[in-house]
Amino acid sequence: MTKSGRFKYWVKRLLNSVTIGIVCIIVIALVLLYTSFRNSRLSEQSADEGVHSISEFYLEELGQRRSQTIASRLNQAAQNMNNVFNIAKQQKIENQKELRAFLQMVKALYGYDKVGIVDENELLYTEHATISGISRYSFLGDEIDKPTVYTVNLYGARKQMVLAMPVKGIKLGKTKLKLCFMQLDLSQMLDEISQQSAESKNDTISNVYYSNGEDMINYSYRESEGTNNILKLLRNVTYVDNHSYRQLNDDFRYGKSGFVSFIRDDVVNYMYYTPIENTKWMFTVTITESSISNNVSGIRDAMMKHNSQQLFTIMVVMVLAFALFILYSRKRQKDEKKTLVKLSQTDAMTGLYNRGGGEKAIRGMLEKGNEGLFILLDADKFKSINDTFGHDVGDMVIIAIADALRASFRGEDILMRLGGDEFAVYAPGIVNKDAATRVVERLFGALDATRIPELGERKIYVSLGAAFWNGVEQVSFDELYKRSDESLYDSKKVEGDCVNFFEDRAFTFDDIE
């Protein structure tokens, strides 16, 4: 065979192969299109029959996942405390001052609203006070031998969640410590997990109830109907698909998962409920039949529309979608990592740096040689505010101080809450008394303009201790803290807003008049 003949032979084989490939693609595309259209018609015929199964499967999956999320958060809180007290066993806590410092560290580390320890004499120690534990928290008289969740009303009608757990092998001097507890923000947890946020787009409603049916957060749509008890609300509705109120009531009472469908306001509703591990709570997810039907119809119409397109277009879209998904997933992982790092360094109440995050940022400034001003401050007579007006108002004071700090300092300045009513600031570039005085006076002015109605005519005053660093002297964060703390001690002797500067060898300043 000549070269020309061999060339024609291979060209013919190539064309035949391409033709066969194109035919195969067309056949596959036709089969896929036929199958899609056939499945669409079958879906349309059986849509009504499948609504119940779809809703039950969807709600069960959603309810199980979200209830497990709540349980996981509670378990994580208990694990956090176990880790902390395992470390504490290696140390000896000799007095109440050391114990309070330890509790402040725990609170700052994990951002809990309150952390307390009860000894064998039923005295309760917090980061600020020592009181009779039973008089404040009645559940502390229970025999607690494992992590136990309580919900209590503190400071008015605000519901709080308390996780109590036994403490073993730790003493305060010679006194044994019996148990510890942490107070968590129940409202915030349920808002994040069970409120109608992401689910609202699918017309689903999630909520958490006690075993007696009482709503753990009084949503407005419950209150408008005269009750916040789900069992009372559904007592007289019409149940369908062999479901009954008795089944619902018994499952709530005995902590069992279940699914019910009922007619309310002429609308069929589906509700899945499941107990939350290690609690006496029930998590519920509800959706209407019309919402499921609309979703099924929307899916069917979308399938009919897309099946009219060419297979090549579908394949291209799938490839592009997959590529975008990979890129998005990687970006989301990076964003989530950054968010987690930021959250671990942020004080939950004020949004400022927490102690760990702030110290890390300031140490970085010191290592880079960024000279500046370090300030330590706390609120005057803060315990009196808590005792007189309640801890809710005390929290308002803390937030007000944080807002005044943000308004008075620059974006590059490091603002941190050390814990309780104690804050710290590092302002790089401020190395003389005149500049520092202007900033401090701006802070005093912001606080003077702050009004908290619950305090009446009482104003917020703070005491400051300040120290400069010249960028040359070898100094640590702990040394700056110590210098400012000494100055703060002098400021606390003066009524009202006051600041004292630490005088070191590198700088000599007079007190602010």
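## Overall picture

Among the contacts in the protein chain with a separation of 6 or more, 61% are between residues 24 or more positions apart. Keep in mind as you read on that this is a predicted model. The protein chain holds 14 helices and 17 strands. Of its 513 residues, 42% are buried. Its accessible surface comes to about 28,900 Å², and carbon and sulfur atoms account for 53% of that area.

## The antiparallel sheet

Let's start with an open sheet of 5 strands, ordered S8-S12-S11-S10-S9 and paired in the antiparallel sense. Strand S8 (204-210) and strand S9 (238-240) are at its edges; each has a single partner strand, so one side of each is left without a neighbour in the sheet. On average, and with direction ignored, neighbouring strands here are turned by 30° against each other.

Is strand S11 (residues 267-275) largely enclosed or left open by the rest of the structure? The strand is largely enclosed, because 7 of its 9 residues are buried.

On one side, S11 pairs with strand S10 (residues 258-264) through 7 bridges in the antiparallel sense, and serine 261 stands opposite tyrosine 270 of S11. With strand S12 (residues 281-288), S11 again runs antiparallel, joined by 7 bridges. Here asparagine 269 has threonine 288 of S12 as its bridge partner.

Both pairings are hairpins. The one formed by S10 and S11 has 2 residues between the strands, while the one formed by S11 and S12 has 5 residues between them. Each turn contains a residue with a positive phi: aspartate 265 at about 55° in the S10 and S11 hairpin, and asparagine 278 at about 65° in the S11 and S12 hairpin.

## A closer look at aspartate 265

Aspartate 265 sits in the loop between S10 and S11. Is this residue buried or exposed? Aspartate 265 has a relative accessible area of 65%, so it counts as exposed. The C-alpha atom of aspartate 265 is separated by 9.9 Å from that of threonine 238, a residue 27 positions away along the chain.

## The mixed sheet

Another open sheet has 5 strands in the order S14-S15-S13-S16-S17, and its pairing is mixed. Which strands stand at its edges? They are strand S14 (414-419) and strand S17 (498-501), each with a single partner strand, so one side of each is left without a neighbour in the sheet. Neighbouring strands of this sheet are turned by 20° against each other on average, with direction ignored.

Inside the order, strand S13 (residues 372-379) and strand S15 (residues 422-428) run antiparallel and are joined by 7 bridges. Isoleucine 375 has valine 425 of S15 as its bridge partner.

For helix H10 (residues 355-368) and helix H14 (residues 477-491), the axes come within 10 Å and cross at roughly 105°. H10 contributes Arg355, Glu359, Ile362, Arg363 and Leu366 to the contact, and H14 contributes Phe477, Asp478, Leu480 and Tyr481. By class, this contact has 5 nonpolar and 4 charged residues, with no polar ones.

Helix H11 (residues 382-389) and helix H12 (residues 391-408) have axes 7 Å apart and pack at an angle of about 140°. H11 and H12 are therefore oblique to each other. The residues in contact are Phe382, Ile385, Asn386 and Phe389 of H11 with His391, Val393, Gly394, Val397 and Ile398 of H12. This contact of H11 with H12 divides into 6 nonpolar and 3 polar residues, with no charged ones.

Notes
Residues are numbered from 1 along each chain as its sequence is written. This is a predicted model: local features need pLDDT of at least 70, side-chain atom pairs count only at pLDDT 80 or more; totals for chains, interfaces and linings use all residues. Side-chain values use heavy atoms; hydrogens and water are left out. Axes are lines fitted to C-alpha atoms, for helices over the stretch in contact, and angles run from 0 to 180 degrees between N-to-C directions. Helices (H or I, at least four residues) and strands (E, at least two) are DSSP runs, numbered from the N terminus. Contact means heavy atoms within 4.5 Å. Ala, Val, Leu, Ile, Met, Phe, Trp, Tyr, Cys and Pro count as nonpolar, Asp, Glu, Lys and Arg as charged, and the others, Gly among them, as polar. Two strands pair if DSSP finds at least two bridges between them. Buried means under 20% relative accessible area, exposed over 50%, partly exposed in between (1.4 Å probe, protein chains only). Accessible areas come from the Shrake-Rupley method with a 1.4 Å probe; for residues, only the protein chains shown count as cover. Angles under 35 degrees count as roughly parallel, over 145 as roughly antiparallel, 65 to 115 as roughly perpendicular and the rest as oblique.
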